[in-house]
Amino acid sequence: MTGRRRDLAAMIGPLVRGLIAAELPVLRAHGVSMWAYSVLTALDEGPVRTQAALAQAIGADKTRIIGVLDGLQQQGLIERRADPADRRVRLVSITERGTRLRRTAQADIQAKEERVLARLPAAERAAFLSALEVLAAVPPEEIAGA
């Protein structure tokens, strides 16, 4: 197999499964699910969003995240309010408590990721993370259509 490489999904899939397995106990320790963490991350990294835009940003069906949002609101991690421009639309934002929890959970997750990244020399690690940032920004429809 000279000059050939494995498919990207075949290489990335096991890595992703391992990372998720390492992440789940961290999220449980912080009292949030993977979906809840995804919501908090999207809200912490961006402006106030509508529930529909938030669902699209995290790749979830908008009806699926209602229960997640209910739980996060009950925990005081997010706020939902009617959009003054359209009372039928709910705007979602992260609270200070939600921001603290999300950032603490992320720090704990990234501490676990260090064990994997430590296998790479510094230059390869920097290149890997840079390349991953670029590839992660490619829209899914562009990947599927390529």
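Let's start with Arg102 and Asp44, which form a salt bridge, with the closest N and O atoms 3.0 Å apart. Arg102 sits in helix α5 and Asp44 in helix α2, so this pair ties together parts that are 58 residues apart in sequence. Keep in mind that what you see on the screen is a predicted model.

Why would two such residues pair at all? Side chains of opposite charge can pair when their charged atoms come close.

Now, are these two buried or exposed? Both Arg102 and Asp44 are buried. For Arg102 the relative accessible area is 4%, and buried means under 20%, so Arg102 qualifies. Asp44 has a relative accessible area of 15%, so Asp44 also falls under the 20% cut-off.

Glu45, at 60% relative accessibility, counts as exposed.

Back to Asp44. Which residues does Asp44 touch, leaving out those up to four places away in sequence? They are Ile94, Thr99, Arg102 and Arg103. With Arg103 there is a polar contact between the two side chains, at 2.9 Å. Put together, Asp44, Glu45, Arg102 and Arg103 are linked in a network of salt bridges.

How many salt bridges does the structure hold? There are six. One of them joins Asp70 and Arg80, with the closest N and O atoms 2.4 Å apart. This pair links distant parts of the chain, Asp70 being in helix α4, residues 66-74, and Arg80 in strand β2, residues 78-83, ten residues apart. Asp70 counts as partly exposed, at 32% relative accessibility, whereas Arg80 is buried, with a relative accessible area of 13%.

Last topic, the largest pocket. It holds about 2,000 Å³ of space. The lining is made of 39 residues, and those nearest the centre are Val16, Leu19, Glu113, Leu132 and Ala136. Which helices supply at least two residues each to that lining? They are α1, α2, α3, α5, α6 and α7. So the list includes α2 and α5, the helices that the Arg102 and Asp44 pair ties together. By class, the lining has 26 nonpolar residues, five polar ones and eight charged ones.

That is the end of my part.

Definitions and conventions
Residues numbered from 1 in each chain as written. Predicted model: local features only at pLDDT ≥ 70, side-chain atom pairs only at ≥ 80, totals over all residues. Heavy atoms only, no water. 1 Å grid on protein atoms, 1.4 Å probe; cavity = no way out; pocket = protein on both sides within 12 Å on 5 of 7 lines; lining within 4 Å. Points joined across faces, edges and corners; volume = space filled by probe spheres on them. Helix = DSSP H or I, 4+ residues; strand = E, 2+ residues; numbered from the N terminus. Nonpolar A, V, L, I, M, F, W, Y, C, P; charged D, E, K, R; others polar. Buried < 20%, exposed > 50% of the residue type's maximum accessible area, 1.4 Å probe, protein only. Polar contact = N/O pair within 3.5 Å; in protein donor to acceptor, adjacent residues only side chain to side chain. Contact = heavy atoms within 4.5 Å. Salt bridge = Lys/Arg side-chain N within 4 Å of Asp/Glu carboxyl O.
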